[in-house]
Amino acid sequence: MLRTAARARRAAIVAAASLLLSGCTVVAPGGVGTPTVPVTRAAQDELLRSAEHRLVVDCLRGRGITLSARPRAPDDDRVFRAALFGAGPRELSVTLATGATVTAHEDGCLAIARQRLYGDQRRWFRAQVTVDNLRAEAQARMRTDPAHRAALARWTRCATPPLGPRPDRPAPAVAARCDRESGLDAVRKRLEAAEMAEVRTLHRDELATYRQLRDRALRRAAELPASGPPVERPHLS
Amino acid sequence: MKRLLATAAAALLATTAGFALAGSAGAAECPSGEFCVWQEANFGGQRANWSGDDGWWESWISDTDSSWANHGISGPGIKDHVRVYESAWQGGSMTICLAPGQEVGYNGAANDRGDSHTWATGC
């Protein structure tokens with residue numbers, strides 16, 4: 001009974017929110033109150049973050065859950081996680097060039113908020129995970145470069161004490177000195193820049209999708225109506 | 001305190017093999033607000049979890065990490081992405097960057113490679 005009520009409430013909120021969102025896309029060009037997308041990257045990121053947060057809070061409220069700072073008992077936390085992150089099969093999945101298969105659920109409030117903001121959560125997931133890991137991919141490619149291997153061998157010799165085996169983890173000061181003396185720092189900087197350019201070319205399609213969906217989300221975020229009741233900030237130390 | 005408990009639990013459990021295998025369905029068993037790392041693939045075996053940064057993972061989990069989950073909670077101005085590095089103090093290469101809700105059951109390349117992680121507003 002409770003479940004049915006919650007489901008009905010959720011459906012009503014979803015319907016109301018989509019009406020609100022689709023209604024808001026009809027904005028007269030140049031009209032009074034036309035929403036504007038901020039210019040700086042930092043302000044854009046913050047706008048997307050706030051919009052996603054509000055959509056998540058609305059969705060959770062529809063499931064009878066409040067996003068709060070108080071710690072939860074393990075069972076409550078399990079219910080909360082299922083509502084926020086989703087449950088069941090991991091429908092969203094991307095295998096990166098680095099070998100990692102990144103997955104997420106489609107039915108959690110986080111995924112639902114992204115669906116509303118970005119329009120197509122599967123395309124967004126693929127683009128976002130790929131773009132977020134371009135640096136990791138460039139660095140993985142860099143490690144196979146002979147110049148990097150040679151510099152790393154020099155670094156290892158530098159960090160190995162004259163007597164006895166190399167400590168598992170050299171002191172930070174020793175590591176910093178060896179970074180400089182072996183040339184590893186310089187080699188990394190040079191190779192990483194080249195590999196980043198290479199992986200950006202390899203993933204130009206995902207980058208284009210990323211920009212396209214992000215622009216759409218920025219417009220939607222700017223058009224979101226003023227916030228409802230104040231929301232308690234989640235705890236994350 | 002959480003960290004202390006985790007350490008004590010880890011020390012205790014280091015002597016017993018394979019426990020707390022994650023269920024195959026549903027989100028990985030990782031508390032909300034935390035980043036979790038498991039010794040085994042598919043969120044199995046011993047688990048380490050952190051709500052903050054750790055520049056040098058304890059020896060039982062460093063270079064033995066096989067699956068990962070970011071259960072951070074997003075919000076305005078909150079660092080909710082996790083960057084994992086192959087060396088202590090965020091050194092060497094970044095092996096993976098995860099947004100909240102993202103999980104990796106296995107990674108052939110970054111398996112048993114992580115040494116540190118940091119929370120960030122992005123990747």
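## The meeting of two chains

How much area is buried between chain A and chain B? The area buried between them is about 3,600 Å², and carbon and sulfur atoms give 47% of it. Buried area here is the accessible area, found with a 1.4 Å probe, that two parts lose on being put together, summed over both. The size of an interface is often given in this way, as the accessible area lost when the parts come together.

A word on the ground rules before we look around. This is a predicted model, in which local features need pLDDT of at least 70 and side-chain atom pairs count only at pLDDT 80 or more, while totals for chains, interfaces and linings use all residues. Residues are numbered from 1 along each chain as its sequence is written, chains are lettered from A and ligands numbered from 1 in the order in which they are written, and side-chain values use heavy atoms, with hydrogens and water left out.

## The two chains

Let us start with chain A. It has 10 helices and two strands, where helices (H or I, at least four residues) and strands (E, at least two) are DSSP runs numbered from the N terminus. Read from the N terminus, the order in chain A is α-α-α-β-β-α-α-α-α-α-α-α. Chain A has 237 residues, and 40% of them count as buried; buried means under 20% relative accessible area, exposed means over 50%, and partly exposed lies in between (1.4 Å probe, protein chains only).

Chain B has one helix and seven strands, and its elements run α-β-β-β-β-β-β-β from the N terminus. Of its 123 residues, 54% count as buried. Now consider contacts, meaning heavy atoms within 4.5 Å. Among those in chain B between residues at least 6 apart in sequence, 68% join residues at least 24 apart.

## Across the interface

At the interface, 45 residues of chain A are in contact with 52 residues of chain B. The rule finds five salt bridges there, a salt bridge being a side-chain nitrogen of Lys or Arg within 4 Å of a carboxyl oxygen of Asp or Glu. In one salt bridge, the side chains of B:D80 and A:R49 meet at 3.2 Å, N to O.

Which elements of chain A give two or more residues to the side that touches chain B? They are helix 2 (41–62), helix 3 (74–85), strand 2 (100–104), helix 4 (109–118), helix 5 (121–132) and helix 6 (134–143). Helix 3 of chain A gives the largest share, six residues. By class, this side of chain A has 17 nonpolar, 13 polar and 15 charged residues. Ala, Val, Leu, Ile, Met, Phe, Trp, Tyr, Cys and Pro count as nonpolar, Asp, Glu, Lys and Arg as charged, and the others, Gly among them, as polar.

## Strands that pair

Strands can pair between the chains too. Strand 2 of chain A and strand 6 (residues 103–107) of chain B pair in the antiparallel sense over three bridges; two strands pair if DSSP finds at least two bridges between them. Here the bridge partner of A:V102 is B:V104.

Within chain B, five bridges join strand 1 (residues 35–40) to strand 2, and the two run antiparallel. B:E40 stands opposite B:G44 in strand 2 of chain B. The hairpin of these strands has three residues between them, and B:N42 takes a positive phi near 55°. Six of the seven residues of strand 2 (residues 44–50) of chain B are buried, so this strand is largely enclosed by the rest of the structure.

Is A:R114 buried or exposed? A:R114 counts as buried because its relative accessibility is 12%. It is found in helix 4 of chain A, where eight of the 10 residues are buried, so that helix is largely enclosed by the rest of the structure. Leaving aside neighbours within four places in sequence, A:R114 is in contact with A:E52, A:G119, A:W124 and B:P100. A:G119 follows helix 4 of chain A and has a positive phi, near 90°.

Next, look for A:A136 in helix 6 of chain A. A:A136 is buried, with a relative accessible area of 2%. Not counting residues up to four places away in sequence, A:A136 touches A:T98, B:M94, B:T95 and B:I96. The C-alpha atoms of A:A136 and A:M196 are separated by 9.4 Å, with the two residues 60 apart along the chain.
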